Amino acid sequence: MKRRPVARTKRKAKPARRSRRETREELALRAGQLFARLAAEYPDAHCELDYRTPYQLLVATILSAQCTDARVNLVTPEFFARYPTPRALAQAERGDVEELIRSTGFFRNKAKSLVGMAQALSEQHGGEVPRGMEVLRTLPGVGRKTANVILGNAYGINEGVTVDTHVTRLAARLRLSRQTTPEKIERDLMALFPRADWTLLSHLLIWHGRRVCIARRPRCEICVVNELCPSARVPRLHPDGSSR
Ligand code: SF4
């Protein structure tokens with residue numbers, strides 16, 4: 001006897017399990033723990049651009065846009081030998097600067113910014129790199145990110161948090177910010193961490209982003225903040241091979 005086809009009933013989709021949203025206090029507590037663990041893991045975290053003076057750091061930071069620090073560090077020794085001061089760079093032929101920095105990419109724009117920045121320093125600031133966010137931002141090629149690098153590293157002034165590609169990625173993975181623009185991410189981070197830690201915070205996130213929380217394949221299995229990270233893909237492996 002032919003069986004009558006059983007009408008298929010659509011299975012009700014299970015409602016997606018949502019994890020409870022962290023309270024402000026819980027997030028602040030976790031942020032403090034994250035900072036402590038990263039600081040213990042990277043006690044030497046620092047800016048990886050080579051420089052000796054605020055002017056040199058400004059040049060190196062402008063060159064580092066869309067380029068690795070390692071590549072910039074290959075170019076800057078000759079650059080600083082040729083243009084040791086803002087006044088020397090202000091008088092440079094743009095074409096010569098372009099040739100020197102070609103390997104860092106976007107070399108035409110960067111050369112224009114560098115010479116313009118040096119002219120502004122020479123003509124309006126007595127050849128010195130200024131110490132204020134607003135005034136720094138008036139220099140060609142200098143935005144908030146670059147100004148934060150200069151203030152935090154050359155002058156020890158915690159004016160903000162440097163938000164680069166690594167900090168953006170880690171702030172999202174660690175669920176420290178749900179924002180997507182650097183300005184808004186920076187605001188969230190500034191609200192979560194004490195001002196005194198802002199410069200070091202960006203170094204710690206950048207170091208972790210370069211070494212462990214890599215863009216393509218984060219190495220969660222060896223990550224020291226694994227237990228504090230909502231994006232961990234696998235548990236952390238302990239030295240004895242367990243994931244306790
Ligand atoms: S657990 Fe994974 S995703 Fe989270 S910070 Fe560590 S490496 Fe990045």
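## A tour of the predicted model

Begin by colouring the protein chain by domain: domain 1 comprises 24-46 + 160-228 and domain 2 comprises 54-154, with bounds that come from an automatic or database domain assignment. This is a predicted model, in which local features need pLDDT of at least 70 and side-chain atom pairs count only at pLDDT 80 or more, whereas totals for chains, interfaces and linings use all residues. Residues are numbered from 1 along each chain as its sequence is written.

Next, display both domains together. Their centres, taken over C-alpha atoms, are separated by 27 Å. Nine residues of domain 1 are in contact with six residues of domain 2; contact requires C-beta atoms, placed from the backbone, within 7 Å. On the side of domain 1 that touches domain 2, helix 10 (182-192) and helix 11 (198-211) each supply at least two residues. Helices are DSSP runs (H or I, at least four residues), numbered from the N terminus. This side of domain 1 divides into four nonpolar, three polar and two charged residues. Here Ala, Val, Leu, Ile, Met, Phe, Trp, Tyr, Cys and Pro count as nonpolar, Asp, Glu, Lys and Arg as charged, and the others, Gly among them, as polar.

Helix 9 contributes H166, V167, R169 and L170 to the contact, and helix 11 contributes S202, L205, I206, H208, G209 and R210.

Move on to L100 in helix 5 (residues 94-101). Not counting residues up to four places away in sequence, L100 touches V75, E78, F79 and R82. L100 is partly exposed, with 19 other C-beta atoms within 10 Å; 20 or more would count as buried and 12 or fewer as exposed.

Then select F106, in the loop between helix 5 and helix 6 (107-124). Its phi is near 45°, a positive value in a residue other than glycine.

Finally, show the ligand. Of the 13 residues around the ligand, C213, P218, C220, C223 and C229 come nearest; a residue is near if its C-beta atom, placed from the backbone, lies within 6 Å. The shell comprises nine nonpolar, two polar and two charged residues.

Notes: Contact = placed C-beta atoms within 7 Å.
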